[in-house]
Amino acid sequence: MDPILTALFPIFGVIAIGWLLRRSGLLPDNSWGPVSRLAYLGLSPALLFTAIARADLSSITLGPFLIASVLGFLAMAVIMLALKPALKIPDPTYTSVFQAVCRWNGMLILALGIALFGDQGEILVALVMVVSIPLVNIECVAALAVWGEGAAPNWRSILYRIVTNPLILGSVAGGVVNLAHIPMPGAITDTLSLMGQAALPLILLSVGAGLNFTTLRARPRLLALSIFLKLMIGPLVFYGVGRAMGLDGIPLTILLLTGSSPGAGSAYVLAQQMGGDAPYSAGDITASTLFCFITIPFWLWLLG
């Protein structure tokens, strides 16, 4: 079997098993939300902490890589703003298309980065998450503040939630330990590592359990457009920015994967909270996750 497919098959296989588990009724439907929350906010910070704390950051050209990551996300937002006059859709629906194109499923790409490149893939995706979580959240909240139907956002509360995001805190704490050369007792390191190992399987199962094929009926043509922008234009944007910044090898491929990511479940939550088009967001998350099974191997074969 092709090495790329060999690396990707377990990831997509666990997602498929998550869907089958939900269909089987083994767990009540209302249990998947807490499982996902535990994985993202309870276990993933431990994974990011241990990855960054033990990484050899001196071997990574951090400046150009992080700048390219930021520019990639900004470029996708600019593309969506430029397209708004041509879309001719209700403003709340536009905000959900904006989120569909600008957000990424960082934990899914983290799993792929580890499968393909081991520790180096893990640390690079973790670094992208550190810079992208504040940026993408501010972009999406700003779009909803302007074009959503909800109440005006409380920016102080939003910034507080971003700064106190457990993923950010875990990553920053790992960076402090790494850069300050703070010794960590083996028992603590082993405990956090064990917690982190539980995060990705639960996240992938939750991604599969969240697939809802009935949501694909909402605005199929618009879904096709947002998926094309996200899964076909996005990879080219991130790859092009990376090449312009002089990146190659694994860092460039991680940028390509970042641009190839499907949508994130947080888009649906934010659309509900701030007056976006939540049904459209649900359809996009399912559709982009399904189609990325095809597009990610394609981009890795073509440019990876």
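Reply: Happy to, and keep in mind that this is a predicted model. Let's begin with burial in helix α10: P251, L252, T253, I254, L255, L256, L257, T258 and G259 are buried there.

Me: How many of the residues of α10 (residues 249-259) are buried, and what does that say about the helix?

Reply: A residue counts as buried when its relative accessible area is under 20%. In α10, nine of the eleven residues pass that test, so the helix is largely enclosed by the rest of the structure.

Me: Which helices do the buried residues of α10 pack against?

Reply: Their partners are α3 (62-87), α5 (106-147), α9 (220-244) and α12 (278-303).

Me: Two of those, α3 and α9, also pack against each other. At what angle do they pack, and how far apart are their axes?

Reply: The angle is about 140°, and the axes are 9 Å apart. Roughly antiparallel would need an angle over 145 degrees, and α3 and α9 are therefore oblique to each other. The crossing of α3 past α9 is right-handed. On the α3 side, the contact involves residues including A68, L71, F73, M76 and L83, while α9 contributes L229, I233, V237 and F238 among them.

Me: Now the rings. How should I read an aromatic pair?

Reply: A pair of aromatic rings is described by the distance of the centres and the angle of the planes. Here the count comes to eight aromatic pairs. Take F12 and F293: their ring centres are 4.3 Å apart and their planes lie at 40°, so this pair is tilted. The pair also joins distant parts of the chain, with F12 in helix α1 (residues 3-24) and F293 in helix α12, 281 residues apart.

Me: Are F12 and F293 buried or partly exposed?

Reply: One of each: F12 has 11% relative accessibility and counts as buried, whereas F293, at 25%, counts as partly exposed.

Me: What about Y94 and F98: how are their rings arranged?

Reply: That pair is tilted as well, with 6.2 Å from centre to centre and 55° between the planes. Y94 and F98 are four residues apart in helix α4 (residues 91-102), which means about one helical turn separates them. Y94 is buried at 1% relative accessible area, and F98 is buried at 3%.

Me: Which residues do ring pairs link into a cluster?

Reply: F73, W104 and F238.

Definitions and conventions:
Residues numbered from 1 in each chain as written. Predicted model: local features only at pLDDT ≥ 70, side-chain atom pairs only at ≥ 80, totals over all residues. Heavy atoms only, no water. Buried < 20%, exposed > 50% of the residue type's maximum accessible area, 1.4 Å probe, protein only. Helix = DSSP H or I, 4+ residues; strand = E, 2+ residues; numbered from the N terminus. Contact = heavy atoms within 4.5 Å. Axes fitted to C-alpha atoms, helices over the stretch in contact; angles between N-to-C directions. Parallel < 35°, antiparallel > 145°, perpendicular 65-115°, else oblique. Left-handed = near helix turned anticlockwise from the far one by under 90°. Phe/Tyr/Trp six-rings, centres within 6.5 Å; stacked < 30°, edge-to-face > 60°.
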